[in-house]
Amino acid sequence: KDVYGRTQDIFVLFEDLYKQFVEFVLDFGRKRGVGAGNRDEKTPAQIVESVILYHVPLRDRLDAIHMFRSQHEKLRLVVTEVLIGEDGDEGTSKLDANGEAGEFSAAGAIRDVEEAPVTMFA
């Protein structure tokens, strides 16, 4: 949770500084008259428009991971509480996850839920 907030701060800072950089480049081009005399020369506005920033997909991916981790933690707490209960008694059931006859262990189910992020993002 600590890391997510700091990464979001970095993205906000980057976007603010990038806006300042764009304003500087455009202002510099206006003052120097760059690109005005030669048709083949790119203007500062064209240069800025051609810049490709790759931080948006990264930010979206980190948002998705954060959302998954938050929801997974809630699921883990619910599963642990339901299967173990308040008294701490781990039981086994004769029904498996599909409702069919078989051995079902609360510890196994909890382990499956806890290992989900590793299998999901590995």
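D27 counts as partly exposed, at 29% relative accessibility. This comes from a predicted model. The side chain of D27 meets that of R30 in a salt bridge, 3.8 Å from N to O. That distance qualifies because a salt bridge needs the nitrogen within 4 Å of the carboxyl oxygen.

D27 also forms a salt bridge with K31. Here the closest N and O atoms are 3.3 Å apart.

## Where the partners sit

R30 and D27 belong to helix α1, which covers residues 2-32. They are three residues apart, so about one helical turn separates them. K31 lies in helix α1 too, four residues from D27. That spacing is about one turn of the helix.

## A pair in helix α3

Helix α3 spans residues 55-84 and holds both E73 and R76. These two form a salt bridge, with the closest N and O atoms 2.7 Å apart. They are three residues apart, so about one helical turn lies between them.

R76 is partly exposed at 21%.

## The wider picture

Salt bridges that share partners join D27, R30 and K31 into one network. A search of the whole structure finds four salt bridges. Among them are D27 with R30, D27 with K31, and E73 with R76.

How values were computed. Residues are numbered from 1 along each chain as its sequence is written. This is a predicted model: local features need pLDDT of at least 70, side-chain atom pairs count only at pLDDT 80 or more; totals for chains, interfaces and linings use all residues. Side-chain values use heavy atoms; hydrogens and water are left out. Helices (H or I, at least four residues) and strands (E, at least two) are DSSP runs, numbered from the N terminus. Buried means under 20% relative accessible area, exposed over 50%, partly exposed in between (1.4 Å probe, protein chains only).
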